[in-house]
Amino acid sequence: MKGRILKLLLVITASLMLAACSSHKTKSDSAQNGARVEDRGAAGANGAASQGLADDGSAGAGGALNDPNSPLAVRVIYFDYDSANIRADFNDTVAAHAAYLAANPNTVVTVEGHADERGSREYNLALGERRSLAVRKQLVLLGASAGQIKTVSYGEERPAVDGHDEGSYEKNRRAELVY
Amino acid sequence: MKTIRKFAPLRRLLLAALALMVAAPLALAQEAELKFTIKGGNKSALPIAVVPFASVGDTGNTDIAAVIRSDLERSGQFNPMQPGDMPSQPSSFTAVNFKDWRVLGQENLVLGKVMASGDGGYVVEFRFIDVFNGNQLLGFRIPTSADNMRLTAHHISDLIYETLLHRKGAFATRIAYVTVERASAKDSLYRLQVADADGYDPHTILESKQPLMSPSWSPDGAHLAYVSFEDRNSAIYLQDIRTGKREKLVYGPGINSAPSFSPDGQRLVVTLSRDGNPEIYTYSLASRQLTRLTYHASIDTEAIYSPDGRQIYFTSDRGGGPQIYRMSSDGGTPQRVTFNMGNYNSRARISPDGKKIAIVHGGKGGYRIGVLDLASNSFDVLSDSALDESPSFAPNGDMIIYATMAGRGTELAAISVDGRQGPRMAVQRGQVREPAWGPFRN
């Protein structure tokens, strides 16, 4: 719950800043205007806000999420090329997260789906969503409640690594669990 | 102030003066200027000599002839003579020694002058001369200003292009694109920019630490629709380019993406997955109503209208891999368009005459830009790199701009529809991608 409130505050702050920003722009510079998306909550990092929330949540839930030896420490699930099937080597990971969510019904996780850079961007956005939904489906099947799992696709817009080879692509075709 | 152009010191002075008078200039990041280079030559390109324009009075620093030469060369259709190779540099018709130019095989000659008009403005006079017949094909005197000097040069390029090729030129147009500076996997800066079609005068219209994608021009060139992740999910925004005023149009659970305008500017066609799966919808800008057009458990996305507004082309993997489909713009049963062209064909953009689509074609060599003639079904792969994407037609249909992988990251490249290589454009820092060629400017 704490997490939700924080998140809500962030959204409100962000939209207030946006509103302030655009009205300022309209007044001061009518010729060619830039708009800027202020992103204070993220402090310049992808998922920084969500990770901050994770720390809060896990402290309340007993720290299993922070145990580096727990299967919960694995937060990234990799996929084969053009596939949204969860590979056998990630079954245990998904099962552990499902069990954790079932045991902590107030915990919310976001599953972020990603694709490698090959092909068109919008199609990859859809592929990323397929991956995030596949993980969600499996989590629910194994006991988590659907309301605990948010999904978002970033397509190829947020690669984990920058390379343009198969080794890099393997690391970019993924779903990330963000508590 | 962010409008400083490298090639306009006069303007810079004016802006500096303005900055002294206006109390609170916006502290916007310095613009990354696009740099373009031209690789290779085109043997069949038309020779043309654009003589440096004479200057009468203080006329600023814009080299109009150089802008015209660069425009014509970038089109792939012309081979402009270098000023150093010119036998003379006349600025009036009577000063032309036709024999000198004929000997060099130069049949097309452009000359002119820039004059200060006394009221702070300029008049650009130019003549386009047929050397072989010794007569003037075009002669114009165009009033302009320091700010519009390059635009005037682009208009002259348009006139020359149309006179010789009998097709409208698209030099006086703009492009939108996304740049990314990536400090680390979790720290990136995305910018949506609009620049002249030759990469000059870039303006950042939006800056975000979350991804920006899929810019799409309104038919009148006044607005851009695009996707922003600033609220930690994709949402479709509409922004007035001149005022910067923006509006969050379509958002909700799942994907809210791939906006593209109808030809009448009244609606957007978009991809939403709020019903559990990416489907094509239209969004009416007047009524704010969404209308769902596709019903299939596959991915349906990347929709665009045909120029007559009657049909919608989109990508679907309902047949296995991604292919291009077409349906009526009010829905109905989609028909597959791409056959026997491999198992990856996506993100169609349609030519302004509605006769061709440019697509991302995945094959053995990677992902390249191909053009399919819709009537004859003939298909040509135009580009030759491994990771080409995001094709966009010039408003005259003669060129396609797209994103390609280069040594340091992604660049923009242009190629003529008949396969002549055009310029490549890169930003000084970071990546540039998703070019969208704007409409003709009125």
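In this predicted model, pLDDT stays under 50 over residues 1–30 of chain B. The model has 36 contacts beyond four places in sequence for that stretch. Where pLDDT is low, the predicted coordinates should not be read in detail. Over chain B as a whole, the mean pLDDT is 89. In chain B, 90% of the residues reach 70 or more. The model scores are ipTM 0.87 and pTM 0.84.

The largest nonpolar core has 80 residues. B:Val270, B:Ile312 and B:Ile400 have the most contacts inside this core. Beyond four places in sequence, B:Val270 touches B:Ile236, B:Val250, B:Ser257, B:Ala258, B:Pro259, B:Tyr281 and B:Tyr283. Another core, of 30 residues, lies apart from the largest one. Its members include B:Val110, B:Leu111, B:Phe128 and B:Leu159. In soluble globular proteins, nonpolar side chains tend to be buried together.

Helix α2 of chain B spans residues 64–74. Ten of its eleven residues are buried, so the helix is largely enclosed by the rest of the structure. Among the buried residues are B:Ile64, B:Val67, B:Ile68 and B:Leu72. B:Arg69, B:Asp71, B:Glu73 and B:Arg74 are buried as well. Just after α2(B), B:Gly76 takes a positive phi of about 80°.

Two hairpins involve strands β5, β6 and β7 of chain B. Strand β5 (residues 108–116) pairs with strand β6 (residues 122–130) in the antiparallel sense, over nine bridges. Here B:Ala116 has B:Tyr122 as its bridge partner. Five residues lie between these strands, and in this hairpin B:Gly118 takes a positive phi near 90°. β6(B) also pairs with strand β7 (residues 135–144) of chain B, again antiparallel and over nine bridges. B:Ile129 stands opposite B:Gln136 in β7(B). The hairpin of β6(B) and β7(B) has four residues between the strands. Within it, B:Gly134 takes a positive phi near 65°.

Further along chain B, four strands form an open sheet in the order β11-β12-β13-β14, with antiparallel pairing. β11 (212–217) and β14 (246–250) stand at the edges. Each has a single partner strand, so one side of each is left without a neighbour in the sheet. The twist averages 25° from one strand to the next. Strands β12 (residues 223–228) and β13 (residues 235–240) of chain B are joined by six bridges and run antiparallel. B:Tyr226 has its bridge partner, B:Tyr237, in β13(B).

Definitions and conventions:
Residues are numbered from 1 along each chain as its sequence is written. Chains are lettered from A and ligands numbered from 1 in the order in which they are written. A nonpolar core is a set of buried Ala, Val, Leu, Ile, Met, Phe, Trp, Tyr and Cys residues joined through C-beta atoms within 7 Å. A residue is buried if 20 or more other C-beta atoms lie within 10 Å of its own, exposed if 12 or fewer, and partly exposed in between; C-beta atoms are placed from the backbone. Two residues are in contact if their C-beta atoms, placed from the backbone, lie within 7 Å. pLDDT is the predictor's confidence in each residue, from 0 to 100. Two strands pair if DSSP finds at least two bridges between them. Axes are lines fitted to C-alpha atoms, for helices over the stretch in contact, and angles run from 0 to 180 degrees between N-to-C directions.
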